[in-house]
Amino acid sequence: MTAVSDGRGIVPEEFEEAAEVLVEHLTGIRFELFDGKIRSKTVPDPEHGRIIEWLTRICIQARPELWLYPEQGLKVQQYRRGRARPDGVLTESGALLGRGEWAEPEGAVLMTLEVTSYDADTNARDRVEKPAAYAQAGIPVYLLVDRDNAEVRVHSEPDGVRYESVRVVPFGKEITLPEPVGITLDTEPLKDWVH
């Protein structure tokens with residue numbers, strides 16, 4: 001395999017092939033592509049997984065027709081040149097069938113979820129690159145559970161470049177995820193899963 005660049009970094013097709021090979025040989029790491037650069041992050045800790053479980057239960061109870069898919073790959077950024085693997089992708093149940101490992105989010109993805117990890121790249125990845133990439137892909141809602149700052153950030157109203165609305169509440173307060181999600185979260189339990 002030869003890495004190919006289009007002048008802006010590695011091309012998505014080469015990334016997909018490289019990521020497949022790397023995952024077979026390196027356990028405990030996930031790979032993503034933003035702005036032609038490969039990013040990696042460690043596999044989540046148990047509290048991270050518990051937060052995703054908590055949110056999955058809330059979504060199922062509030063809207064049984066939805067499902068929060070963990071780690072579904074998405075084609076993101078302008079012209080779908082990026083590849084992201086969110087901690088969760090909220091869609092109608094079955095909406096991603098037949099879309100492959102790196103799915104087009106258009107018309108299917110209602111929300112992406114990220115839970116911050118305790119690593120050096122979390123600021124650039126979860127607070128800068130991913131909101132921009134998800135907004136460019138037209139994903140209606142981006143939910144960030146920020147364990148470093150003990151707050152929840154809800155990004156909405158993507159304009160094709162960025163999210164025009166960002167609402168932030170500290171752990172312990174309620175926040176409503178805007179349409180098309182329309183679910184209210186009581187974030188009190190999140191206080192127990194920060195270490």
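## Salt bridges and a buried strand residue

Glu188 has a relative accessibility of 38%, so this residue counts as partly exposed. The model described here is a predicted one. Lys191, the partner of Glu188 in a salt bridge, is also classed as partly exposed, because its relative accessibility is 45%.

| Salt bridge | N to O distance |
|---|---|
| Arg57 and Glu53 | 3.0 Å |
| Arg63 and Glu65 | 2.8 Å |
| Lys191 and Glu188 | 3.4 Å |

Glu53 is partly exposed at 34% relative accessibility, and the residue takes part in a network of salt bridges that links Arg50, Glu53 and Arg57.

Helix H2 itself has 17 residues, and the distance from its first C-alpha to its last is 24 Å, close to the 24 Å that would be expected at 1.5 Å a residue. Whereas Glu53 is partly exposed, the buried residues of H2 are His48, Ile51, Ile52, Trp54, Leu55, Thr56, Ile58 and Cys59. The elements that cover these buried residues include strand S3 (66-69), strand S6 (88-92), strand S8 (109-115), strand S9 and strand S13 (183-186).

Strand S9, one of the elements over the buried residues of H2, spans residues 141-146 and contains Val141. With a relative accessibility of 0%, Val141 counts as buried because this value falls under the 20% limit. Leaving aside residues up to four places away in sequence, Val141 touches Leu110, Met111, Thr112, Val154, His155, Tyr163, Pro178, Glu179, Pro180 and Val181. For one of these contacts, Val154, the C-alpha atoms of Val141 and Val154 are 7.0 Å apart in space, while the two residues are 13 residues apart in sequence.

Notes
Residues are numbered from 1 along each chain as its sequence is written. This is a predicted model: local features need pLDDT of at least 70, side-chain atom pairs count only at pLDDT 80 or more; totals for chains, interfaces and linings use all residues. Side-chain values use heavy atoms; hydrogens and water are left out. A salt bridge is a side-chain nitrogen of Lys or Arg within 4 Å of a carboxyl oxygen of Asp or Glu. Buried means under 20% relative accessible area, exposed over 50%, partly exposed in between (1.4 Å probe, protein chains only). Helices (H or I, at least four residues) and strands (E, at least two) are DSSP runs, numbered from the N terminus. Contact means heavy atoms within 4.5 Å. The expected span of a helix is 1.5 Å times one less than its number of residues.
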